[in-house]
Amino acid sequence: DVVRSDDFANTLRENIVHYFTVPYDCQAIYDEDGLLNAPVDFARSLQRQAPYFKVYDVREMPSEQKEQTLRKLRQVAESVSR
């Protein structure tokens, strides 16, 4: 399935760079459930009846939201390293 592939998530992020000028490494993408990080997160989100994404530039995020995002990314990194 194309939507489940790593390439799809990367293409989506590259399009965000192109159309919204948010650098790849500065993107924080959310849906109703929270931060989308892995290709499986994007695939899950796109299975919804009316999917939507909120795209943030981490350089411009409110500090509280930025801290929550960084905390979530740290948790993901820790669970992967185990």
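**Exercise 1.** At roughly what angle do the axes of helix α1 and helix α2 cross?

*Solution.* This is a predicted model, in which local features need pLDDT of at least 70 and side-chain atom pairs count only at pLDDT 80 or more, while totals for chains, interfaces and linings use all residues. Residues are numbered from 1 along each chain as its sequence is written, and side-chain values use heavy atoms, without hydrogens and water.

Step 1. The axes of α1 (residues 6–20) and α2 (residues 39–46) cross at roughly 80 degrees and come within 8 Å. Axes are lines fitted to C-alpha atoms over the stretch in contact, with angles from 0 to 180 degrees between N-to-C directions. Helices are DSSP runs of H or I of at least four residues, and strands are E runs of at least two.

Step 2. The two helices are therefore roughly perpendicular (65 to 115 degrees).

Step 3. The contact (heavy atoms within 4.5 Å) involves Asp6, Phe8, Ala9, Leu12 and Arg13 of α1 with Pro39, Phe42 and Leu46 of α2.

**Exercise 2.** Which salt bridge partner does Asp31 have, and is Asp31 buried or exposed?

*Solution.* Step 1. Asp31 pairs with Arg44 at 2.9 Å, N to O; a salt bridge is a side-chain nitrogen of Lys or Arg within 4 Å of a carboxyl oxygen of Asp or Glu.

Step 2. Asp31 lies in strand β1 (residues 27–31) and Arg44 in helix α2, so the pair ties together parts 13 residues apart in sequence.

Step 3. Asp31 is buried at 5% relative accessible area, whereas Arg44, at 32%, is partly exposed (buried is under 20%, exposed over 50%, partly exposed in between; 1.4 Å probe, protein chains only).

Technical notes: Parallel < 35°, antiparallel > 145°, perpendicular 65-115°, else oblique.
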